[in-house]
Amino acid sequence: MPAGTEASGDEEARWWGEHLVGQVLLRVRDAAPYLPVLETLADRGAYGPWFWTALRVGAHDRFALLRRLVVHDPSPGDGHRYLDTVAELLAADPAGAQRQLTAWFDDERALPALPDATVATAAQALLHTHRHRAVDDLTEALVDCPHPRADELLTVLADEEPSALCRAVDRWAHDERTDRHVAALAYGLRVQSRARGDADHGLLRYAALALLARPGGDRLHGAALALLVRDPRSRPAYLDRALRRFATGDPQLPASALAAALESDPDPVLAAFRTRLGELGPGAGDIVRTLADVTTPALARRAAALVGEVTADRPEGAARHAAAFVDRCLERGPTGRSVLLPLALELLRAPSTAVRAALAPVLAAPGTAASRGLRGELLDVLLGQERDPDVLAAVLDAAARGAVRRGQARTRDLVHRTGTLLVRTPQGAARFDRGLVELAGAVPGFAALTARWLAAEPDDWAALVGPSTRRTVESVAGAAVPV
């Protein structure tokens, strides 16, 4: 027998076998009993898309088989693909196909013909691309699917199809299922700022009112009130109730939900913020962020004054919140200078070391182009008057940790200036040495940077860095250099 004859015979037999099986499967009135055979063929990518659309199987089985087949697709443009078949089925029966495709969201197998794509991302992309065919059905299919990819796509729809999401929120609010109520509020709050016209806003209002009226749904009332107070038409009737709810610390009614009411009703909202911020509870951070985002000059001044008052009353507890407020306001750039500067200077003069130590790393941080000028200006004020080792140590720490973004020259000057201030006292000198050693070990690259400064300008550093500290820094720097 000639070489290769046996192999070619096996291939021919396999071809005839697959051909006969395929013909038989196409002729049976119900191919579902033969699913094990079909799955084996699908895993081999047999026949091509025409065969799998001609099979007499239900939608669930057909999509399950196509899910196995899409990994065998050629590159786009190299012939009809299984994904093209899926798109055709989606066009023919959008509502039915959408629910089949959400079952693919947990399939992270790669699609070799599509770089960086998986079966799951392909399904998500198809649903998004063909969303207009049945967008209301799509929102229902997605809310029924307990998967993060469904949440991702609903979030995209909130941006791109806000009217459809508003309709969905209204349906879910009037549904009897509790999980639908949760979804209604979550996506209602998400889509509210993108709602278009009176019809959309009206649907969100009715949804919130329906949930607020439900007996036994008290845990959802905070979020329902958040929807109502963000709407100018319903705010007057529900603001007092929302503020009372906010006073209880309801996490479903955060300070950010009341931000819109600051413009129309500043006095009661700021009073509520003052009370809650003074408690320094878990919602304090949200209040500080909300206050820092106020841009109307008159309101922004009141927001800054409120932060200053709370910090003066509770310096130890409020210090980090005051620093966070300053940090966020700095990034607004020069436009917020007139509002922020008085507060920042007041905090720099605070008798509490905790307040100044919390503010120091904010001012010493590299910042962005928008904030760099005012950060540097305020840092000069701090270094011009500060002598407490704890505060200066906080500047040193920020200098080391921001070295990459700040640049070597500016970092060197800041470290040297801080060291010069610290070594004026024995306690400060010991703190500077200890800080350099700790940061050399903790911050990647800082030991090598410091070692270069010490070697290049020994006279400038001799009075600041002790011999033991220098040896330790050089040792850490040497150990970090690859052999």
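Seven nonpolar residues, one polar and one charged make up the lining of the largest cavity in this predicted model (Ala, Val, Leu, Ile, Met, Phe, Trp, Tyr, Cys and Pro count as nonpolar, Asp, Glu, Lys and Arg as charged, and the others, Gly among them, as polar). The lining residues, those with an atom within 4 Å of a cavity point, are Val70, Val71, His72, Asp73, Leu83, Leu111, Pro112, Ala113 and Leu114. Here a cavity is a set of points on a 1 Å grid over the protein atoms alone where a 1.4 Å probe fits but cannot get out. The largest one holds about 30 Å³, a volume being the space filled by probe spheres set on the points, which are joined across faces, edges and corners.

Turning to the helices (DSSP runs of H or I, at least four residues, numbered from the N terminus), eight of the nine residues of helix 17 (residues 284-292) are buried, so this helix is largely enclosed by the rest of the structure. Buried means under 20% relative accessible area, with a 1.4 Å probe and protein chains only. Among the buried residues are Asp286, Ile287 and Leu291. The buried set packs against helices 14, 15, 16, 18 and 19, contact meaning heavy atoms within 4.5 Å.

Helix 18 (residues 297-313) also packs with helix 20 (residues 337-348), at an angle of about 10°. The pair is therefore roughly parallel, a label for angles under 35 degrees. Ala300 and Val307 of helix 18 and Leu343 of helix 20 are among the residues making the contact.

Residues are numbered from 1 along each chain as its sequence is written. Local features need pLDDT of at least 70, side-chain atom pairs count only at pLDDT 80 or more, totals for chains, interfaces and linings use all residues, and side-chain values use heavy atoms, leaving out hydrogens and water.

Technical notes:
On a 1 Å grid over the protein atoms alone, a cavity is a set of points where a 1.4 Å probe fits but cannot get out, and a pocket is an open set with protein on both sides within 12 Å along at least five of seven lines; lining residues have an atom within 4 Å of a point. Axes are lines fitted to C-alpha atoms, for helices over the stretch in contact, and angles run from 0 to 180 degrees between N-to-C directions. Helices (H or I, at least four residues) and strands (E, at least two) are DSSP runs, numbered from the N terminus. Angles under 35 degrees count as roughly parallel, over 145 as roughly antiparallel, 65 to 115 as roughly perpendicular and the rest as oblique. Buried means under 20% relative accessible area, exposed over 50%, partly exposed in between (1.4 Å probe, protein chains only).
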